[in-house]
Protein chains: 2
Amino acid sequence: MLYIIGLGLADERDVSVRGLEIIRKASRVYLEAYTAVLLADQRQLETYYGRSVILADREMVESQSDDILADADEKDIAFLVVGDPFSATTHTDLALRCRQHTPPIPTRTLPNASILTAVGATGLSLYSFGQTVSMVFFTQSWKPSSFYDRVAENVSLGLHTLVLLDIKVKEPDLQAMARGKIIYEPPRFMTVAQCASQMLEVEEERKQGICGKESLAVGVARLGSDDQAIVAGTLEELAQADLGKPLHSLVLCGKKMHEMEWEYVRGFAVDESKFDRIWKAHYGGM
Amino acid sequence: MLYIIGLGLADERDVSVRGLEIIRKASRVYLEAYTAVLLADQRQLETYYGRSVILADREMVESQSDDILADADEKDIAFLVVGDPFSATTHTDLALRCRQHTPPIPTRTLPNASILTAVGATGLSLYSFGQTVSMVFFTQSWKPSSFYDRVAENVSLGLHTLVLLDIKVKEPDLQAMARGKIIYEPPRFMTVAQCASQMLEVEEERKQGICGKESLAVGVARLGSDDQAIVAGTLEELAQADLGKPLHSLVLCGKKMHEMEWEYVRGFAVDESKFDRIWKAHYGGM
């Protein structure tokens, strides 16, 4: 059996009791470590579980999944995923390979907290979110703006948009590679401020009024942990906000933002009276 | 401190390790028991936690929250919520009352699995869902169809729609009430089949081609538990499907359903070749 186990968002104690029991008994334990990161590191997890954990990077999961699935028709293998197992398509892919395996490998998924729902801590209603988008690091020559079209669709319906921010873990250093060496760049995590700046940059170019300086948004960091941070304001304000250590995400507020949502979110505002003024003028039940 | 603790979806062992530690130490433990139900009952939870649990019905949470919050500025109170704490607005409301309390009561939320993300077990991408809608039990004289407009908005963007199904817990028996007695009706949980039938009924009336007999959908039951059930098919097929015990939910598939999603979902189809035929003709990257 392959158990795909969600670890939740913050640290080693966010796993479910049931998940912990399975991890402690499994033949092998893998930790998927490239679509998200836990606020606890591998060593902390190993100490807590009382067992060794194999780090599974993108290459291992996508190209060497046979190693992960070896004996899984007879033994119990635990594949740990930060957040919820289905928060990234790569895990559905792994489950599909189990189904197509000869003989088929049974799978069992243990759901857990995900950024997709933990973002409810902002006070924004989870029922009023549209599609989720991802924001990648812009470079001088590569500024993909396809996110803008999907945000525009959500905006047209007055819905909120969760923006998931880029993570660079174990990225090869291309300059070193050209010299024949394999060196990895240090991990990078996009901040709320960077995301807000990039959104403003694309708005500047596309000018459809989707994510401008006065658009209301909420930045979140380390949700679910003891030092989670939530900051609300205009995109211009968030482009200056410092929410500290990773992981960050951003929500662009939809125009339908209800009075009850506003009442809660305003408590996190950089500038409460400005937030209120903009909400009253342009939001609140479009 | 008020701890709002998500219990996850299936049974008593889906709580996080951290959550369990807090529950075992808290001064009082409440279980919110009207927006969702766990597949474990109050007695099982009490045995597992080794403590008594106070059932909090709608009236208690909405009108007697002072009792729940009594001493919470000095003592630790645990308020347990099936699924994720922010899966229902009533919990944001409780957190807001803590913030407005004199003196303010600190709150801490422990996220957990929610139906909003567990539905990823269908293989449908969580990033491609639009707004979530609720379906209530129709009566002879009351068939609210406002869900149809919001589903139509999602459909116009090719997005999936999660439909959450009505739960009737501790509803007063109106006939008995008229005779001066307070009697509660037995709990009722809407099934996938009922939901599909009601959607077809409204489509029959509104005729905008939003949720017709050949619309693809996926029904789910008891997600996250050992006997979870997933059935895919047309709404007409799902109107005949029996997914067993509660809780049920339904997803109406969006036209953008990607090939990778289709490949996974078709494994749950009532009639695979019919599912494939309709997907190829009308879905798949609208």
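Helices (H or I, at least four residues) and strands (E, at least two) are DSSP runs, numbered from the N terminus. The model toured here is predicted: local features need pLDDT of at least 70, side-chain atom pairs count only at pLDDT 80 or more, and totals for chains, interfaces and linings use all residues. Residues are numbered from 1 along each chain as its sequence is written, chains are lettered from A and ligands numbered from 1 in the order in which they are written, and side-chain values use heavy atoms, with hydrogens and water left out.

**Backbone stops**

Select Arg222(B), in the loop between strand S10 (216-221) and strand S11 (229-234) of chain B. Its phi is near 50 degrees, a positive value in a residue other than glycine. Arg222(B) counts as buried because its relative accessibility is 9%, where buried means under 20% relative accessible area, exposed over 50%, and partly exposed in between (1.4 Å probe, protein chains only).

Next, select Asp71(A), in the loop between helix H4 (65-69) and strand S4 (77-81) of chain A. Asp71(A) is not a glycine, yet has a positive phi of about 65 degrees. With a relative accessible area of 37%, Asp71(A) is partly exposed.

Then display Thr102(A) and Pro103(A), joined by a cis peptide bond with omega of about -10 degrees. Pro103(A) lies in the loop between helix H5 (89-100) and strand S5 (107-110) of chain A. In chain B, a cis peptide bond with omega of about -10 degrees joins Thr102(B) and Pro103(B). Most residues other than glycine have a negative phi, and most peptide bonds are trans.

A search of the whole structure finds 5 cavities of 30 Å³ or more. A cavity is a set of points, on a 1 Å grid over the protein atoms alone, where a 1.4 Å probe fits but cannot get out; lining residues have an atom within 4 Å of a point. The largest cavity has a volume of about 220 Å³. Select Leu116(A), Leu126(A), Leu116(B), Leu126(B) and Phe129(B), the closest to its centre of the 15 residues that line it. Helix H6 (115-118) of chain A and helix H6 (115-118) of chain B each supply at least two lining residues.

**Surface**

Finally, select Leu174(A), Met177(A), Ile182(A) and Tyr184(A), which make a nonpolar surface patch of about 450 Å². Patches are made of residues with over 30% relative accessible area and no salt bridge, nonpolar side chains (Val, Leu, Ile, Met, Phe, Trp, Tyr) being joined within 5 Å. Leu174(A) is in helix H8 (residues 174-178) of chain A and is exposed, with a relative accessible area of 63%.

How values were computed: Patches are made of residues with over 30% relative accessible area and no salt bridge: like charges are joined within 9 Å, nonpolar side chains (Val, Leu, Ile, Met, Phe, Trp, Tyr) within 5 Å. Accessible areas come from the Shrake-Rupley method with a 1.4 Å probe; for residues, only the protein chains shown count as cover. A salt bridge is a side-chain nitrogen of Lys or Arg within 4 Å of a carboxyl oxygen of Asp or Glu. On a 1 Å grid over the protein atoms alone, a cavity is a set of points where a 1.4 Å probe fits but cannot get out, and a pocket is an open set with protein on both sides within 12 Å along at least five of seven lines; lining residues have an atom within 4 Å of a point. Grid points are joined across faces, edges and corners, and a volume is the space filled by probe spheres set on the points.
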